[in-house]
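Visitor: Hello! Could you show me how to read domains and charged pairs in a protein model?
Guide: Gladly; let us look together.

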Amino acid sequence: MPSKRDPILVADRVHRHFAGVTAVDVDHVEMPRGKITALIGPNGAGKTTFFNLLTGFDKPQTGAWSFEGKPIAGLAPWQVARRGMVRTFQLTKVLGRLTVLENMLLGSKNQRGERLLPFFWRKQERSDSARALEILERFKLGAKAHDYAASLSGGQRKLLEMARAIMNEPSLVMLDEPMAGVNPALTQSLLHHIKDLKNQGMTVLFVEHDMHMVRYVADWVIVMAEGRIIAEGVPGEVLSSTAVVDAYLGAHHDTDLRELVREMEA
Amino acid sequence: MAAVRRGLITTLVTGGLVVALTACSSSGDAPEEKTGGPLKVGAILPHTAYAGAGEALVSAVDVAVEEINAAGGVNGGKVELKQVDSTDNNDTAVQAVDSLVTWGSNVVIGAYGSGMSGAIVSKITESGALQVSGSNTSSSLTGINPLYFRTAPTDALEAAKLADLVVQDGHATAAIIAQNDAWGQAFQKSMVESFTAAGVEVVAQQQFNTTDTDYSAQVDAVVAAKPESIVLLSYASYSGSMIESLVGTHGFTDKNLYLSNSTLGKYTIKPSLLKGLRGFLAGPDPAVEAEFDKKLLAKNPNLKSFAYAGSTYDAVIVSALAAIAAKSADGKAVAAKMAEVSGGAEGSTKCKAFKECADLLAAGTKVDYDGLSGGLKFASNNDVTETAYNLYAYDDKGSYAVAP
Amino acid sequence: MTPSKAIRWLLAVLALACVLALPSPAAAAPADEWGFRGLLRDGEKQPVSGAAVQVKDGDTVVGSDTTDDKGRWEIIPVPGPGTYTLTIDTTAASGHFAGDEYEVDKELVESPTTLPVLNVVVSTTESSQQVASFTDRLAQRAVSGFNLGLLIAIAAIGLSLVFGTSRFTNFAHGESVTFGGLTGFVLAHVLGLPLLLAAAVATVLGGFFGYAQDVAFWRPLRRRGVSLITLMIASIGISMAIRSLMQFSFGSASRGMTEESWGTVTLGPVVMPATSYAGMGISIVVLAGVGLWLKHGRIGKATRAIAGNTALAATSGVAVDKITRIVWVLAGALAALSGVLLGVFNQVSFDMGFNLLLLMFAGVILGGLGTSFGTLAGSIVVGLCTEILVLWIPADMKYVGGLAVLVIVLLVRPQGIFGRRERIG
Amino acid sequence: MDIIWNSLRELITPTTAAYALAAIGLNVHFGFTGLLNFGQAGFVAIGAYGFAISVMTFGFSTPLAIAVTLVLAAGYALLLGVPTLRLRADYLAIVTIAAAEIIRFALNSSAFAKWTGGANGLYNEYSGWLKGSNPYPSGVVTVGPWTFGSNDLWIATVDWLVVLLTAGAIYLLVRSPWGRVLKGIREDEHAMLSLGKNVNLYKLQALVIGGVIGAAAGILYVQPTSVQPFDFATRMTFNMYTMLILGGAATVFGPILGSMIFWVVMRFTDELVNLGVDGGLFDNVTQGSQLRFVLVGVALVLLVVFRPQGILGNRTELSFDAK
């Protein structure tokens, strides 16, 4: 049931298979603008592959999708990012051999200093640095600004990656399993920051396979299994629907084991 | 970052050293007339390249200087020698020449290859030293600099003799396989000119790089052109497989396969394949050559080829004699006397060994040093004339001697 | 490339003066010895006797002679250097000739690089010898290319296996080939062992050389877990060091491998030494053996497992370190065999392996890095290209053919013929 | 001991300067961007031949010849770069070394001997502008403990001026945001793509800049001597890697220091070999100098394994030895 609100991202007939195994087979999907959407499903449901397809890191066999109304299928990943769709990675990609501040500064858009034969870029650098430090303070990473990013802990790296995405002032932030392998205390602050993104007017799409997390933060939920979208809607309805539960726990989860044995003996 | 600052300081210090030194460089007056001082002979020859072809020349220079000093040296002092390795590429060669220049060489023997001599002649002569090569045969060096001499004949004369021999054996067509380097290309040009002059049609010309894994492509192309005769313009160390293929596989014989002076050498292929193959070699006649080679082998037992060792030896001796005649070690003064001591002056008496000529000079008579090859005379363009060529042929045991 | 065929009996060769040196006072020979001599014969090298030869300076005849029964003539002396016209009148001559009047201008030059007496040959009829046809030359080149391809294949298989197990392209692999060549030379030439025995022993020693390399360099580096780029640059350093050591011990001269020769085999237009065919036979047998061993042998399968995914292989019980060492031994042995065959095919020198290195890379990449069957096919293609393109490009640019194939393949299909796309990363 | 002074003389010779400049170009590729370019000798060859042929065959004025040569080098970088930059490091290494060897074989071949002089190379009729503008007194000039030919000293001064200017420019480039993006790409291309950086464009820019600097080094390299095809073999590129890693890859002054030390050590070992021969250690000079090259090979291995950051670099910033 496509939602009536104007979608920021629409995808149709996206199909990707690896040597016979269908990884993604999505007929139609819409991401609501200004909302936090969770893309959930068991491991191997094709969530990250779908993510890579939408952001141009992977090429589908067929498929068309548009962002803010303009088609972006076939664009290179950096062109997609320039349109305002910034993503993070399952294995956080933080540049360990640069300082935290330098990581942040790499995030900011159209810097005059990044064009070849860079001239008169110091003024823009100062304003970018100020903005970066302000964001780092919000993410409680201010003290680490001048340390090498390699010295950060796993959780801090996730925060830095998110902070760096914000530096890019995107209209859609796509987080690939932001809470994976993070201790509960940090999970709360990450959720808080995700909510904070929405308040700043950004649309958020994140991939997650932990159902309880989704219930707390997502406005809209899309469930994938075996490459297809099997359910879509408000968290409350979606998470209780039988199709979703079956997808997660396997179709025979509540049949009595004895019945199963009898079937086999017959 | 810290690293960059540290880098900045260390390199600025070194950079500063450069600027400071160049600023306080005293203006150099013309090199003062080093009359009395000992004759300093530098030698820039390949020790590690050209497949060992230059190693005999290194020993020849050692032998020459030892004989000169044994006979009393030059202008009352012992001759000093400094050998440096030119290798086969220029940046080491340039560096090697620098070391000779700073050492104060008056005479520089070398370089082995014609291409390299072209590269370093200005650096040597600019420092006021005389350059004498015993192995440059490329005609492109003729008259390149007044302080540049050579005691090896240009290949053009040998090419003419080879063409004459091919016609003598009754052939009207010929093919050439030449080494793709300064020596090979210049020799190939002279060979084509000589063949054309003799009316022999050149039906195929093939070049090979010394670093190719095999030369079958060149041999096949030449054989396919069905020439009546083939000339090999290549060093002995690259010619083994070609001779094996031409004689062993394609049936060429000593009547239609001719060798250049540098192709004459020691081979590890089947000696019977070499039987009868002929080539001209400038230089001393066999008895003198054999005795001279023994001295070289005493210096370096695993010497393989002796081409140009004799003419390099002559280069050292004639320079020393010119220094005695000029009573000075200064490059320009010695250069002026080179023609005179090699038979340029009227009424000069011929002499063979350094001691004999040195005594004659001491007695005030003019000398005509004919060198090991028995014929050495500098023409006005500093090329050597009066070169005696002997036709050599291989026996069936893989060694070559003057053909009967 | 052969110059277009002028009609021989109408030959009017322009005398080319040796322009190089300036005329110097001292002529090469005593002044009065100027003159001409020569030979008159037909296309089949049969002499033309009884022909009247005249040397004219402008119109005045300065000397004449008739050709003897061997077609020889001689007109000495001639008044000094200058341009003369040689006319040959064959009306009264006996032998094959196509016309009764030949005229040739010749110049005598006075310089240290020319002879006073010019020996001139004139051929009266077209030679019946036909230049080898294009197809004949193509056949000869193809066989030679196949031979080179097999040589590259044996050496390159080791390179490909090493890449599969140690994950880097080894720039020092050429030196293993050289080691084989030099050991083969010492065994066959210095110790006089028969060729086949020398080849076998050299291959075994090559295996030890590979083992020594693994123990000395590669296992410690694997233990340190250095990156791909560090391993490659280290292999360059090792290549330089080993090559200079070999030059130090073997000297820089190239030498023939052995005096033993098995005669020639002529198959239609193709003339090759028998040793080449023997070499090709050995190569094919060895390559087939390695192929079967990889496909069915226990260690062979393990090697391919490691090549596929090292971590996975390690976790599923494959003794990666042991297998990797076996691969190094095999790579060393194969490279040594290739060195021996190359030494027999051409010559042995301290840098023969290094000169083959880029062709080996071409073979491995053309076939698809890490796939040993691909390497065999890739190496054959590279060998054929290198030797056949010589019919069109100049022979001293022979390698440009092989290397151009490599660059084009990398641009169009980097994973090579058999490789899979993911593998190129 | 004049052996020390003779060796230290290499600090300021033109060859050291030309190699330093070429190593700076290579540093932009390998040090700052992580491009494994094994064909830098190809760029140097284009510089040397481009300049020599422009002056000698086409009679261009010196500035025009330099401009034409640098444009030629940029074109070669684009031709090489566009299709290959997406390849993995070892593939890129093999393509660049193969391309450089193709250039060398073509320059060495007799087919183009009319322009390139084939194996003979080209005699120096192209450095008139240098000899003309030489402010030093003619003849031999003494500089502190060393003597130089006047032209040699002037060429060395010009060379070092160009080297220091280039190093300064690279210093500014690397400290700018452009340099920061390069370092980002060197470490993780996907991260940079996700932030909207056109990775291939940056890699292409780096390849062109490094290549053009390499060509400039080629022009300076052949001024004191003549152009010989054999000089641009793979040995030149491998020597440059030794210098770069010795001095410190990914540092601005590493290549300069590396080149200085490399040539001083080469000269020192050469002098040692001569002493060795006089002292009877080696029976002739031949054996001694072959061992020198073993030294260079072993040094490269030890450096890249145990001290990859070289003298000036620091380990944490170095990317190429990332596990």
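We will start with the domains and then turn to salt bridges.

Visitor: What kind of model is this?
Guide: This is a predicted model.

Visitor: Which domains does the assignment give for chain B?
Guide: The assignment gives domain 1 (40-152 + 308-375) and domain 2 (155-276) in chain B. Taken over C-alpha atoms, the centres of domain 1 and domain 2 of chain B are 31 Å apart.

Visitor: How do I read the contact between them?
Guide: The size of an interface is often given as the accessible area lost when the parts come together. Here, domain 1 of chain B and domain 2 of chain B bury about 700 Å² between them, and 51% of that is on carbon and sulfur atoms. By class, the side of domain 1 of chain B that touches domain 2 of chain B has four nonpolar, five polar and no charged residues. Counting residues in contact, there are nine in domain 1 of chain B and ten in domain 2 of chain B.

Visitor: How many salt bridges are there between domain 1 and domain 2 of chain B?
Guide: The count is zero salt bridges between domain 1 of chain B and domain 2 of chain B. One residue pair is in polar contact between these two domains of chain B.

Visitor: What is the general idea behind a salt bridge?
Guide: Side chains of opposite charge can pair when their charged atoms come close. Over all chains, the structure holds 40 salt bridges.

Visitor: Which residue forms a salt bridge with R223(C)?
Guide: The partner is D321(C), with the closest N and O atoms 2.5 Å apart. Because R223(C) lies in helix α3 (residues 195-224) and D321(C) in helix α8 (residues 320-345) of chain C, the pair ties together parts 98 residues apart in sequence. R223(C) counts as exposed, at 57% relative accessibility, while D321(C) is partly exposed at 26%.

Visitor: Are E10(D) and R267(D) buried or exposed?
Guide: Both E10(D) and R267(D) are buried. These residues form a salt bridge, their closest N and O atoms being 2.7 Å apart. E10(D) sits in the loop between α1 (2-8) and α2 (14-33) of chain D, and R267(D) in helix α13 (residues 254-278) of chain D, 257 residues apart.

Visitor: What about E189(D) and K203(D)?
Guide: E189(D) forms a salt bridge with K203(D), where the closest N and O atoms are 2.6 Å apart. E189(D) is partly exposed at 32% relative accessibility, whereas K203(D) is buried, with a relative accessible area of 5%.

Note on methods
Residues are numbered from 1 along each chain as its sequence is written. Chains are lettered from A and ligands numbered from 1 in the order in which they are written. This is a predicted model: local features need pLDDT of at least 70, side-chain atom pairs count only at pLDDT 80 or more; totals for chains, interfaces and linings use all residues. Side-chain values use heavy atoms; hydrogens and water are left out. Domain bounds come from an automatic or database domain assignment. Contact means heavy atoms within 4.5 Å. Buried area is the accessible area (1.4 Å probe) that two parts lose on being put together, summed over both. A salt bridge is a side-chain nitrogen of Lys or Arg within 4 Å of a carboxyl oxygen of Asp or Glu. A polar contact is a pair of N or O atoms within 3.5 Å; within protein, one must be able to donate a hydrogen and the other to accept it, and residues adjacent in sequence count only if both atoms are side-chain atoms. Ala, Val, Leu, Ile, Met, Phe, Trp, Tyr, Cys and Pro count as nonpolar, Asp, Glu, Lys and Arg as charged, and the others, Gly among them, as polar. Helices (H or I, at least four residues) and strands (E, at least two) are DSSP runs, numbered from the N terminus. Buried means under 20% relative accessible area, exposed over 50%, partly exposed in between (1.4 Å probe, protein chains only).
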